[in-house]
Structure formats: structure tokens, C-alpha cells
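Colleague: Could you walk me through this assembly, chain by chain and then at the contacts?

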Amino acid sequence: MHVLASAFSTETNFVTPLISGIANGSAYGLLGLGLVLLYKSNRIFNFAQGEFATIAAIVAYVFDRGTGWVPKAPYFLALALGVLASVLTAMLTERMVIRPLFNRPRVVLVVATIGVALLLIGVEGMLPYPQTASLRTISDVLNVRSYVTQVDHVAILDQDLAKFIALALLAVAAFVFFRFTPTGTAILAVSQDATAARVVGISVERISATTWAIAGLLGGIAGVLLAVPPSGSVTPGSITGLTLTVAFSAAVLGGMTSLPGAFVGGLLIGLIEAFANADQSFIPGLSSLPTAQAEVAVAIVLLVILLVRPRGLLGQEA
Amino acid sequence: MSVLEVRDITIRFGGLTAVDGLSLAVNEWEIVGLMGPNGAGKTTAFNCITGFYKADEGQVFYRGQDVTRLAPHRKAALGIARTFQNVGMVKSETVLENLLTAQHTKSGYGPFQALTGMTAVRQREKELAAHADAILELLGLTDVRDRPLGSLSYGTLKLLELGCALANDPDLLLLDEPSSGMGPEESHELGERLLALRRELGVTMLLIEHHVPLVAAVCDYVYVLNFGRLLAEGDPDHVRNHPEVVAAYLGAEVEESA
Amino acid sequence: MATGELLTPYDADAPGRRASLLGLATRGTAFLPVLALVLLLPRQSGDWTNDAIFAAIYAMVGLSMNVLVGYTGQISLGQQAFLGIGALTAANVVHTGTNAPDPFTFALGMVCAVAVSAGAAAVLGGIALRIRGLYLALVTLVFGAVTADAVFTIPSLNGNDAGVSAYRPTAIQTDYSYYIFAVAMVGVCLYVDVWIRRTKVGRGLIALRDNELVASSFGINVLGYKLLGFVLSGAMAGLAGGVFAFWSQEFSDKDFTATAGFNKALIFVVMVVVGGLGNRAGVVAAAAFFALLDPILSGIAHSTGWINYYTDHKAYISNIIGAVLLLQTLIFNPGGLGQVLRPFTRWFGGHPFSLHDEHGDAAAAALAGGSDVRA
């Protein structure tokens, strides 16, 4: 903890990394929710989750602009259509790839999701739209100032606030869903013992489809919130390349089996990154490589958590 | 000196005491049975002897040497071989490759030496293959030499697993329910085979077994476990008529049929 | 105690492995076209020679993935890091400025590339021993990214961001002679792979891949062998990295950025699965295919007038081809390309020619289902 303390005591602005940390952390958490859901239910790491998000962003972008033969749709309808596209992609993935492989070792399923990610990146890249563009932000659309408030002369972008609120709401909703709804408990039952679940009359196929649809929904919401300026874009593979690995680390930190864990882990990793970036001496000996500091810090956190407490901060035993 | 001596081992899983102060001894040339109803802790005791579980208390001695804390592969190298309740072999390999794998500890060359492909390595490989062939012949399995395991019947696999355990020239053989899935006829044959193996190869054996006629036919001495504790011990006839053993088995059967 | 003495002696020649002189001659003749393809085709033009060297490098990486993923059953999404470490080491050890190194320095560079890469793999393997299952995939992924951003970017190792030159020794200065050298290095990896598979090394790795409990009851030191799998794999990838450095004649961190590395890591996984886990011929063929995909496709695009479209979309096109091949392999053909080639490779190996393959394939079995043995 003295590491953080030293960050506090320096002359560096403390508020800037705090706010950017929460903003980036929200992104990791949003992506992490879908990863946790699929780990919790299928015991797999879904490497295609980042591209589920990108698909949503691209479809939302295309409908928002109304390019080519695509009719222009109102902004929020375009976002909804984007999320729908992500849900459909996830369901198609489940039907075409996951279900035929369901009885194979988990590592085969993980390699298959890598294949799905590669395929989606490829297909997205072939689509005719400007691949470096970004989605409009909510404040653009509502034509309001782009920040909600200022803390210590640092603006909090309302898009970042939207990400944070969405993450908090989704984490709570997903938690409630698994705890209290019949479908949620059925998903958990199938994940623990598919045969027994089948015996008591649960359709394993339908549950699997539902799980992936929800994963698509979570990925889609993440996508339409992340692919906005200043840092986000609708470039194929960009979310997979920039956010997915860190989101995995966040999910592991929170505990791969805990949905609130994805929230906590996401924010923590976001903050660790932000403070590592802000403080040249965050990791002794790496001051010559300021860009690598955040990455190394996250890697260290990941390793420590895997070696010391593999079930993460909020995960369950086993 | 006993080949295997277990002194007061206790194994706990959380609040559950799976094995509670078990002591047993297996002497040279003996075939010793370990009986008990399901869940009595037999396999747990086995796993402790072979090193997969660490005993919370107590010690395991092999020919006078304390092997309690030795890793499983080190015990295998000492000459302790085991079989599994549900067939433990390398599923993706052929019969011959499994018998070669089972001779791992007596290959006589180092892993980096192996990669040079030098003459000594080739020569050893030929000898290992010959030994594997000899074991196949001994068990009457020469026909399936090059078959993948997936294509073999359960009975053949059980027999082959015994072959794998023998391939490493074991001194002590631990067999976990060798007759599981066998009919009376096959299990009688198995008994003959075990006696023949002892006669010809001089192996000492400890077997977990439910099948009473088999135990009666081959075992010199029997230990009966119930709820992790030693319930009775003695020669098979003595144990078979022991009132507590009868009660434990009948009790278990009543529960199962209820 | 000793069953060996009691059992009958053996017949030294296992049945089915000895080909007649005629058979040997036939196989030799049949192998000639393959040999001609490998040795003569790259001679046709400078571009082809360069592409062929690249294919040889990929073949070595494929074989290194084969040891780790195919035999040891450990997933790696960080293999490109070992390639980079090999290249970095070779360039920095040889480092002769603008002069060609003498053969001894060159050999030393290659040996160091192998050793340092193997050492790095041992470190990763040591961590991997304590991390179970799929989490290892994540750790290797992070390992790859951290190596790219925090090691390859160290100014004193990458020639202050300008690259470290790595000139070839005079004997293999021309592209074609260097290609022959690269093929010889592939040969070294193949030889090692053959002896992994033929000895207790491969049997131990495969046993622990299938079931660690069974492996240790067979006397295999599971932790030690897992580490050995990492080290052998890292060594082969390091050799590939050394060959890469002298191919591009420099080490530059720009060739090994985190983003490019991530894409490479995925392609490496794709090629070992498509080739057929545990099947060296299939893996080499698949690796060469993915290395040559771009030149072949751009050749086709040139002649059909699609070259501009292709140039704009080539990363995406190869992504789609790789992904489709990967998914169809996983779902319909778990043995991969190796399974398809097997009748031929078996025949070359001295067995009678037969389309029916009763030996099955380790890859198919490994991918088809986990083992269910419990202790």
C-alpha cells in the first residue's frame, strides 16, 4: 500500500488519475461482466467478448449515420440496434460453435472463442464503413456540455459517468438475476451439474442459448459506451487489442465467478493503471519506460492474485 | 521387516475425518485385502500410501524407509505401483505406448540425452519395447499391441492396467478394485492370475476389493475399514464371520436398498 | 522385484517397421518431388527465397507450439515473446556493427538465443506450474504483452530504438544460402521433435497432458516434465528468433510490438491446431501455409486485378481464412491437417500404405475429450 501512498504524496495531480482510472475501470468492468457471466456458467474464457462489443458499436454507428442502403435511425434506436446485433452474434456463436463443442475439454472451447474473435475482426474489416470513426457521445446527441461537473478543475465527462452508472446498474442487475430469478438459478444449476439439471427438467440447450444472449447483451452495451471519443473507435479488433486483456485481469482480480467482482476488479485495475501512468516512480526501476508501467503493474497484480488468492477478491471457493 | 507399514494415519477433509488412525502392515509375498463399505476411506488410504494425499497424522514406511512425504512419482520409482478404480492409463496412446510410458523410471537415459537420439537411447528403447511385448504375452494381450485404448473393452483395459503396473518391475502392487465390472467367472480368473503373478514374479500386493469370494481365494490377511476406522483384521475366514463386519456390510446394504 | 529376468527375451526388430530395400528406394523416389519443392522452388526469385525463409521460421515456431500445446497440453498465447527474445539475444550477442560476424560468433549468438529463450520459458513455466487451467492462457497473454512493452523497448537492448544490426556470416550471406541454413535449423527442430516423440520425454509429456494423476503413478515427475515442456518449446522458438534476426538482419522492437505480437500469438495457436496437435508433419505444413498465405494471396490478387482491394484488407482476409480453418478443424476434423496427411507420412515412415488409420491420432484424442480418471 505504500506504493499508493507515495503516489498521493507527490506533486502529481491526484484527481486526474482518479477520474481517468474510474472511467477506464468502468470500461474494463463492463467488458468483465460478460467474461464473468460466461466463466460462471460455461467455465470458459470468452476471447470473442471484445468483438461482441465492437459489432454493437459498428452497427450503432452505421444506423446513426445512415450510410449506404442503411436507413438513418434516431441515436438511441441505433444504439439499441447495435446491442441487438451483438446479442444475435453471441447467439449465433453459441449455436454454430459452442454447442457442437460443448462436451470437449474447456481449452478447446477457449481456442474456439479465439477463432470466433478472429473471424469477427475479419468480417468487420470487410464491411464498408470508415473504420477509424467513433460513435457520437451521448452529450453530442443531447447537445449539452460534455462534462457533468468539475472536481479540482478536472472535468468528469458525462460519457464516463454514463459508463460508470451503466456498470454499477448492470453489475447489480446481473447479481439479482442470478440470485433471485428462476432462469438465473437454472444457469447456475447447469454450470454445476448439467446432467442433474437435465434430470430435473431444465433444458440445457435453452439455458446455454440464454446465457450467450445475455453475454451478447452485456458486450453490446459495453461496445456502444466504449466506442466514443476521445479514446474509443469502431475499429475492428481495437477493443480486443486494447481492453480485453486488461478486462480479463480485472475479472480475475474481482473473482471470475463474481459479477459484483467484475465491478470492483474493473475499477481497481483502472485506478492502478491510472496511478501507474501518472507517477514515473510507481514501479522502481521502470522509470525509463513510463508507458510500460501501467501494464507491468497490472501484470504484477494479476500474478499475485493468481498465486496467492486464485478465487479473487469476491469469488467463491472452487 | 514389512514391505509396507502404515502407522496410525489420519486424513481429514475439512471437518470430515476420512481415515482415522489406520494402521496396517503388508509382509513380503503377502496378498493383503482392504475391505469396507462404500465411503469407508479405502481409496483415501490408498491415495495416502501412494502420495496423492498427505496424511495429517501418522507415517507410511516402505521396507523400513519413511516415505510419508514422498511425491507419488518418487514412490513409483521405489517400486510401488498402483492401479485406479476406474482404469488409469494414457487414453490417447496405444497399448504399447502405455506399457512404455509405465516403464518411465527405468529408462536409464536422461531427458536431454534422449533428444540426441544416440545409440544408447535407441538400444534402451528396444529393450523397453521388448519388455512391453513380454508383458503383453504374459497377459495374453499380444493381439492388441498397436491398438489405441479407446477401441478396447473394459475388461481388457483392466487387465492392461495391471500390465502397466507390472511393467515397472514393481515390488509392491496396490490394486484398487481390480475386479470391478467383472462377472464371477472373470473375477475367478483374476484371482488365479494374481496368485500366478505372485508365484512367478514375487510381487507383494495390497488390494481394495469388495468381491468376497475373490478376497477369500487370494488374500492371506484382510483389514476391514468402516467410517475411516479399522473395524476388524485377520485371515479371510475370521473376518468374514466377524459380527461387526457382517453388521457394517448389511447396514450399508440396507441403506443402499432403501 | 525384477520381472525382467523372468520374462522372455525379445525380438530386436519390432514388426512392421522394417522396409525392404525396394520399399526404401520407392519412398526415396517419392520424396524427391517434396525435396525439389523445398529446395528448388525458392530459387526462382528473390521474393520467393525471402518468403520461404519466413515459412521456415514459422515452421520452427509451429514445432515449438507443438511441444507445448500438442504434447504438454499447456496453452500459450505468448509464444511470440520467445521468438522476440531469441531475435534480441542473437542480435545483441553477435553485434558486429556493419561487419559480417565470423562463424564462431554467429554460432554463439544462435546458441545464446536458444539458451536465453529457454531460460525465459523456464521462468514462465515455473509460474505456470502454480496456475491451473485456463488462467494460464491469460498469464501467457500478459507475458507476451509485458515482454513486448517492457523488455523489447529497453533502449540498451534495441539499439536505442534504432534496431540492433545482425549481419549474416559470409558463408550464408546470400538469401538462398541463408534459406538452406534455415531449412537445416527446421531439420534440427524436426529431429528433436522425433526424439521427443520416440522416447520417454514425449511419453511423459503426453501422459501428464492426459492425466496428471496417472502420469505420476507411472513415475513421471509431473512438475519437472511440465517445466521441461516449456523449456523445449522456448528453446525451439528462440532458435526461430535467432534465424529471424539474421533474416531481417536486425532486431527491431517494431517487429515485436504488443499489438503485432497479439495477432502473431493467435496465428500461432491457429496454425498448431489446424496442423493437428502432436503431428509434426501437419504442423510444419500448416505453419508454412500461414507464412505463405500473404504472398500467395497477393499473387492471386495481382493477376486478377484485385490488388488494391487486397492490400487494404489483407489482415482481415487472412484473419477470416485462419478463423474458418480453425473452427472447421475444431468442430469437424480434430486431427487437423496432420490427420489428412497421415496415410502419406505413415508410408514414408516405413508402414504399408493404407488410408485406414487404426492407430488413430493423439491430436484427435486429446481434443476429443478430457480424461476422467480420479484417484
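The questions and answers below concern a predicted model.

Colleague: What percentage of the residues of chain A count as buried?

Modeller: Chain A is built from 13 helices and 2 strands. Among its contacts with a separation of 6 or more, 74% are between residues 24 or more positions apart. Of the 318 residues of this chain, the share that counts as buried is 53%.

Colleague: Which residues does Ala60(A) touch, not counting those up to four places away in sequence?

Modeller: Ala60(A) belongs to the largest nonpolar core, which holds 295 residues, and is listed with Ile57(C), Met60(C), Leu239(C) and Ala287(C) as touching the most other members. Taking contact as C-beta atoms within 7 Å, and leaving out residues up to four places away in sequence, the residues touched by Ala60(A) are Ala78(A), Leu79(A), Leu81(A), Gly82(A), Leu135(A) and Val224(A).

Colleague: Which pair of chains has the most contacts?

Modeller: Chains A and B do not touch, since their nearest C-alpha atoms are 13 Å apart. Chain C does reach chain A, with 38 residues of chain C in contact with 39 residues of chain A. Of the 2 pairs of chains that touch, the one with the most contacts is chains B and C.

Colleague: Which element gives the largest share of the side of chain C that touches chain A?

Modeller: This side of chain C has 38 residues in contact with chain A, and the elements giving two or more residues to it are helix H6 (135–151), helix H11 (258–275), helix H13 (307–332) and helix H15 (362–368) of chain C. The largest share, 13 residues, comes from H13(C).

Colleague: What is the bridge partner of Ile80(B) in S7(B)?

Modeller: Strands of a sheet pair through backbone hydrogen bonds, in either a parallel or an antiparallel manner. Here S6(B) and strand S7 (residues 172–176) of chain B run parallel and are joined by 3 bridges. Within S7(B), the bridge partner of Ile80(B) is Leu172(B).

Notes. Residues numbered from 1 in each chain as written. Chains lettered and ligands numbered in written order. Predicted model: local features only at pLDDT ≥ 70, side-chain atom pairs only at ≥ 80, totals over all residues. Helix = DSSP H or I, 4+ residues; strand = E, 2+ residues; numbered from the N terminus. Buried ≥ 20, exposed ≤ 12 C-beta atoms within 10 Å, placed from the backbone. Core = buried A, V, L, I, M, F, W, Y, C linked by C-beta atoms within 7 Å. Pairing = 2+ DSSP bridges.
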